[in-house]
Amino acid sequence: MLVRRLQPAILSYFLHKGRPFSLTVAAGSLLEYHPIGNPSAPLGYLEGFPRPDPKYAETIVAIPRFKSGKNISAKERKAGRVPSIVFEQENGEEGGNKRLISVKSKQIRKLVEHLGQSFFLSRLFELEVRSAFEDESEIIEKVRVLPRKLHLHSGTDAVLNVTFMRAPSTASLKVDVPLVFRGEDSCPGLRKGAYLNTIKRTVNYLCPADIVPPYIDVDLSELDVGQKIVMEELKVHPALKLLHQPNQPVCNLIGARASDQKRSK
């Protein structure tokens, strides 16, 4: 009964690898994964699944901001800072323990440009709140965070606001995980002249903070004309909880041109 509740792709992965695993299930939902023999061990990224690129492991530096409001925010932006907030997580979303902060515009803009907006919002960072931006200044708070919301100027893409969520190991966070489509070169449907209809570019999961995926690979290498990939077929860590209907499609291949179909016969 337990096996039938697993996503087929995940079950296939573990059976193929021959790796021992243990699952805790309550009310029909997958809640927890841990290696056999050590139930209290922290969660970790699994072999073969995307993990954060250490190239972008960067500490975001912030200073306290004691007031909020439109005029205060405008002054912060003029001074090269982004008005921001860091929250405690509660039920995967913003909760209490709010701290007003400001971060450097250049640092956030650089990270967003290098990673892309969706990938920035699915990446954990270390956050240091200091009394000043100087290296020797006092550290007020040092915590791991997930960027939760990012507000860009519609005309210039300048960063206007950013919201961070504290992400200790005990937290579960709602994350819009970006999708990366691979295998186009060997996709039989595309080779027949069909075209890829991308329905979703991100998928929402409830993720344990230690294993937030930077993205999810979507394999198109066996997709034929008229076929689709739905959310429950995505290969993710078994501890992630899908927050959509499992049969929602993320992409499909839509018909080939008549001339291409004739050539393929």
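This is a predicted model: local features need pLDDT of at least 70, side-chain atom pairs count only at pLDDT 80 or more; totals for chains, interfaces and linings use all residues.
Residues are numbered from 1 along each chain as its sequence is written, and side-chain values use heavy atoms, with hydrogens and water left out.

**Overall make-up**

- The protein chain holds six helices and 17 strands, where helices (H or I, at least four residues) and strands (E, at least two) are DSSP runs numbered from the N terminus.
- Of its 265 residues, 40% count as buried, a term that stands for under 20% relative accessible area, with exposed meaning over 50% and partly exposed the range in between (1.4 Å probe, protein chains only).
- Among contacts in the protein chain with a separation of 6 or more, 66% come from residues 24 or more positions apart, a contact being heavy atoms within 4.5 Å.
- The accessible surface of the protein chain is about 14,800 Å², and 49% of this area belongs to carbon and sulfur atoms; the areas come from the Shrake-Rupley method with a 1.4 Å probe, and for residues only the protein chains shown count as cover.

**The sheet β12-β17-β15**

- Three strands form an open, antiparallel sheet in the order β12-β17-β15, two strands being paired if DSSP finds at least two bridges between them.
- Because β12 (195–198) and β15 (228–230) stand at the edges with a single partner strand each, one side of each is left without a neighbour in the sheet.
- Neighbouring strands of this sheet are turned against each other by 15° on average, direction ignored; the axes are lines fitted to C-alpha atoms, for helices over the stretch in contact, and angles run from 0 to 180 degrees between N-to-C directions.
- β12 and β17 (residues 249–254) run antiparallel and are joined by four bridges, and L196 has L253 in β17 as its bridge partner.

**Strand β13 and its partners**

- Strand β13 (residues 202–208) is mostly covered, since five of its seven residues are buried.
- Seven bridges pair β13 with strand β11 (residues 172–182) in the antiparallel sense, and P178 stands opposite T202 in β13.
- Strand β16 (residues 241–242) is also antiparallel to β13, with two bridges between them, and here L206 stands opposite K241 in β16.

**Salt bridges**

- A search of the whole structure finds 10 salt bridges, each defined as a side-chain nitrogen of Lys or Arg within 4 Å of a carboxyl oxygen of Asp or Glu.
- K142 and E128 meet through their side chains at 3.6 Å, N to O; K142 lies in strand β9 (residues 139–152) and E128 in strand β8 (residues 125–130), so the pair ties together parts that are 14 residues apart in sequence.
- In this pair K142 is exposed at 55% relative accessible area, whereas E128 is buried at 10%.
- R166 forms a salt bridge with E141, the closest N and O atoms being 2.7 Å apart, and the pair links strand β10 (residues 159–166), which holds R166, with strand β9, which holds E141, across 25 residues.
- R166 is buried at 4% relative accessibility, and E141 is buried at 15%.
- E88, R99, E141 and R166 are linked in a network of salt bridges.
- The side chains of R182 and D217 meet at 2.4 Å, N to O; R182 lies in strand β11 and D217 in strand β14 (residues 216–219), so the pair ties together parts that are 35 residues apart in sequence.
- R182 is partly exposed at 39% relative accessibility, and D217 is partly exposed at 29%.
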